[in-house]
Amino acid sequence: MRWEKKGLIYCPHGEHSWEKDTFMTPHTVLMDDKIRIYGGVRDHEGVSRIKYIEVDANDPSKVLYVSDRPCLDIGEPGTFDDNGVILGDIIKVRNEWWMYYAGFQHVQKVKFYAFSGLAISKDQGKTFERYSEVPLVDRSPIGKFGCCIHTVLQEENGFKIYYAVIHSWRYLKGIPYPSYNIWCADSLDGKTFSPSVGHLCVDTDDSEYRIGRPKVYRTANGYEMFYTRDTINKEYLAGYAVSPDGRNWERKDELLNLKKSANGFDSEMACYPVKLIYKNHTYLFYNGNGMGKSGVGYAELIEE
């Protein structure tokens, strides 16, 4: 597959006190002839809140609307998401929109904890209210420091949940970085599951210390997954895997040509890819430098 980059779409520049910069971990929802893109924006202290923009589905470089307030703010002091929230996934369940998100909390002896919450919208994704003030999943033997849901697929007999678990910390040049890998588990209601009885889907190789943010899609041949990985040499890269059944995966990173550019907003990294199909277009929205500090851009699949 060959993805042709089309350039930067959007990045905030301090329009409000709660959004100094960044539009990270994008997630897209198709709405007729426009695409709503949700992302995390950071304030001056680096704390993320979730907002959205809307773009033309025929030309995503054309921004139609930019929200002027968060659709999901941070949690109350002391809660699991009091120091930032970023997107995992959004699905439509009956007349509601369910947003799965990762909430961050500062702690003293490691950089943070990160666990997943659920927020629900009854106004077609304009605003979201927390389903619970506590995370859907908390610490477990396989994820002592974090469990972050990034894809939820509605299946015939329930839900299939893909998540990253933070199992340890890797010190590189004296700086601690979270180490994680990708798992999946089944859920009857989309709200309860046990990470510890899940299935390991994609693990790091010898050159990497973390691999996560799985975005999974059904295909004619089974499933495909886009993810982001980080090497011991600190190269933040996008990756790709395929599966016949959604459980057993084969990495095919070489098939994804989404690399950093020679210059521009993605000259240092291209990460967090998310796919969307509209008519005869197949788009890949992704973040650039600083894990989205420089904003969100897109590429389009070129058939050869």
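Colleague: Let me start with the rule I just learned: two strands pair if DSSP finds at least two bridges between them. Over how many bridges do E2 and strand E3 pair?

Modeller: Seven, and the two strands pair in the antiparallel sense, with E3 covering residues 34-42.

Colleague: Thanks! Before we go on, what sort of model is this?

Modeller: It is a predicted model, in which local features need pLDDT of at least 70 and side-chain atom pairs count only at pLDDT 80 or more, while totals for chains, interfaces and linings use all residues. Residues are numbered from 1 along each chain as its sequence is written, and side-chain values use heavy atoms, leaving out hydrogens and water.

Colleague: Good to know. Back to E2 and E3: which sheet has them in its order?

Modeller: They belong to an open sheet of four strands, ordered E2-E3-E4-E5 with antiparallel pairing. E2 (21-31) and E5 (63-66) are the edge strands with a single partner each, so one side of each has no neighbour in the sheet. On average, neighbouring strands of this sheet are turned by 25° against each other, direction ignored; the axes are lines fitted to C-alpha atoms (for helices, over the stretch in contact), and angles run from 0 to 180 degrees between N-to-C directions.

Colleague: And what holds strands of a sheet together in general?

Modeller: Strands pair through backbone hydrogen bonds, in either a parallel or an antiparallel way.

Colleague: Let's zoom out. How many helices and strands does the chain have?

Modeller: One helix and 20 strands. The radius of gyration, taken over C-alpha atoms, is compared with a globule rule of 2.2 Å times the number of residues to the power 0.38. The chain comes out at 18 Å, close to the 19 Å that the rule gives for 304 residues, so it is as compact as a globular protein of that length. Along its principal axes, the C-alpha trace spans about 45 × 45 × 40 Å.

Colleague: What share of the residues is buried?

Modeller: Buried residues are 58% of the 304 in the chain. Buried means under 20% relative accessible area, exposed means over 50%, and partly exposed lies in between (1.4 Å probe, protein chains only).

Colleague: Which residues touch the most other members in the largest nonpolar core?

Modeller: Tyr38, Ile50, Met99, Phe128 and Tyr163, in a core of 36 residues. A nonpolar core is a set of buried Ala, Val, Leu, Ile, Met, Phe, Trp, Tyr and Cys residues joined through side-chain atoms within 4.5 Å. A second, separate core of 29 residues includes Tyr217, Val274, Tyr286 and Tyr298.

Colleague: Tell me about methionine 99. What is it in contact with?

Modeller: Skipping its neighbours within four places in sequence, methionine 99 is in contact with residues including Tyr38, Ile50, Leu87 and Phe128. Contact here means heavy atoms within 4.5 Å. Methionine 99 is also the bridge partner, in E7, of isoleucine 90.

Colleague: How many residues of E7 are buried?

Modeller: Nine of its 10 residues, so to speak a mostly covered strand. E7 runs antiparallel to E6, joined by eight bridges, and pairs with E8 in the antiparallel sense over nine bridges. In the latter pairing, phenylalanine 104 stands opposite alanine 114 in E8. The hairpin of E6 and E7 has two residues between the strands, and arginine 94 takes a positive phi near 55° there.

Colleague: New topic: why is E16 largely enclosed?

Modeller: Six of the eight residues of E16 (residues 236-243) are buried, so the rest of the structure largely encloses it. E16 pairs with E15 (residues 222-231) in the antiparallel sense over eight bridges, and leucine 237 in E16 is the bridge partner of arginine 229. Four residues lie between E15 and E16 in their hairpin, and lysine 234 in the turn has a positive phi of about 65°.

Colleague: Last one: where is leucine 255 found?

Modeller: In the loop between E17 and strand E18 (271-278). Leucine 255 has 37% relative accessibility, so it counts as partly exposed. Apart from neighbours within four places in sequence, leucine 255 is in contact with Met1 and Tyr240.
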